[in-house]
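My notes follow in the order I took them.

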Amino acid sequence: MRTEDEPRDHACSVDLTFSSEHSQADASVGFAGLPWIVRRTGLPLLSVRCVDCPSRSATTGKGRFRVNANGKLLDVWLLVRCVSCDRTSKLAVHERATVRSLDPALLDGYHANDPELVAATLLDPPFARRHGLALDWRGAWRLDAPPARLDEAWPVRVAVEFQDPVPVRPDRLIAHGLRLSRNEARRRIKCDVSLRRPTTAGFTFVVMAPAS
Ligand SMILES: [Zn+2]
């Protein structure tokens with residue numbers, strides 16, 4: 001049983017937007033199913049307690065690292081800022097690492113505040129565990145789902161892909177994506193994963209015809 005590692009559910013408070021970029025999705029409907037894609041639109045906030053104020057929310061802002069060299073040893077931190085009082089904190093990424101132990105390209109990325117490296121660092125589960133922080137994905141992701149053609153032949157098969165590890169509860173994602181109530185979604189969905197357990201792994205489901 002997974003307990004503490006289980007991602008928290010963030011799906012209910014997110015505005016889902018529907019992009020038209022899959023307007024050619026018809027061509028790919030078939031065995032693989034209609035593609036739905038979960039992707040981040042920004043960086044999640046960090047749920048951590050501020051030492052200076054009652055806030056429990058911090059941001060990486062545009063994303064900055066600090067690198068400090070001490071002889072042949074390096075410290076690398078990710079800087080985060082309290083959303084309420086602006087206090088900046090440093091979260092260790094590497095502590096007293098030998099220069100040789102770090103890939104030069106990685107070190108360049110830290111010096112350049114490479115946005116992809118900021119995201120990769122923040123989304124690395126061991127990093128969050130080490131600092132006792134949870135990620136708050138509200139407003140930082142979206143679902144790209146071509147409109148389901150509810151007049152088409154049933155059942156409809158959908159394949160959900162995660163471009164980023166945003167924990168979502170399948171039943172809520174499906175209900176939003178199909179614009180159905182959660183109860184109706186549960187009645188009409190056949191799915192190979194638990195509908196209520198938040199996941200960051202791709203899954204497929206089949207939507208059965210509405211009861212007539
Ligand atoms: Zn604060």
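Entry 1, overall. I looked up contacts and found that, among those in the protein between residues at least 6 apart in sequence, 67% join residues at least 24 apart. Two residues are in contact here if their C-beta atoms, placed from the backbone, lie within 7 Å. I noted that this is a predicted model, in which local features need pLDDT of at least 70, side-chain atom pairs count only at pLDDT 80 or more, and totals for chains, interfaces and linings use all residues. Residues are numbered from 1 along each chain as its sequence is written.

I found 5 helices and 10 strands in the protein. Helices (H or I, at least four residues) and strands (E, at least two) are DSSP runs, numbered from the N terminus. I also noted that 24% of the 212 residues count as buried. Buried is taken as 20 or more other C-beta atoms within 10 Å of a residue's own, exposed as 12 or fewer, and partly exposed as in between, with C-beta atoms placed from the backbone.

Entry 2, the open sheet. I traced an open sheet of 5 strands in the order S7-S1-S8-S10-S9, with mixed pairing. Its edge strands are S7 and S9, each of which pairs on one side only. From one strand to the next, the twist averages 20°; the axes behind that angle are lines fitted to C-alpha atoms, for helices over the stretch in contact, and angles run from 0 to 180 degrees between N-to-C directions. Two strands pair if DSSP finds at least two bridges between them.

I then went through S1. Strand S1 (residues 34-40) runs parallel to strand S8 (residues 156-162), and 5 bridges join them. S1 runs antiparallel to strand S7 (residues 141-144), with 4 bridges. What are the bridge partners of Ile37? In S8 the partner is Glu161, and in S7 the partner is Asp144. I also found Arg39 opposite Arg142 in S7.

I counted 8 bridges between S4 and S5, which run antiparallel. Leu78 has Leu91 as its bridge partner in S5. The two strands S4 and S5 form a hairpin with 5 residues between them, and Asp86 in the turn has a positive phi of about 70°. Is Asp86 buried or exposed? Asp86 counts as exposed because it has 12 C-beta neighbours inside 10 Å. I checked Asp86 against Asp52, 34 residues apart along the chain, and their C-alpha atoms are separated by 9.7 Å.

In H2 (residues 115-122), I found Val118, Thr121 and Leu122 buried. They cover an arc of only 95° around the axis, which puts them on the same side of H2; the arc is that of the directions from the helix axis to the C-beta atoms. The buried residues of H2 pack against strand S3 (58-70), strand S4 (73-82), strand S5 (88-98) and helix H3 (125-130).

The buried residues include Asp171, Arg172 and His176. I looked up what covers them, and this includes S1, S7, helix H5 (182-188), strand S9 (189-191) and strand S10 (203-207). After H4 comes Arg179, with a positive phi near 55°.
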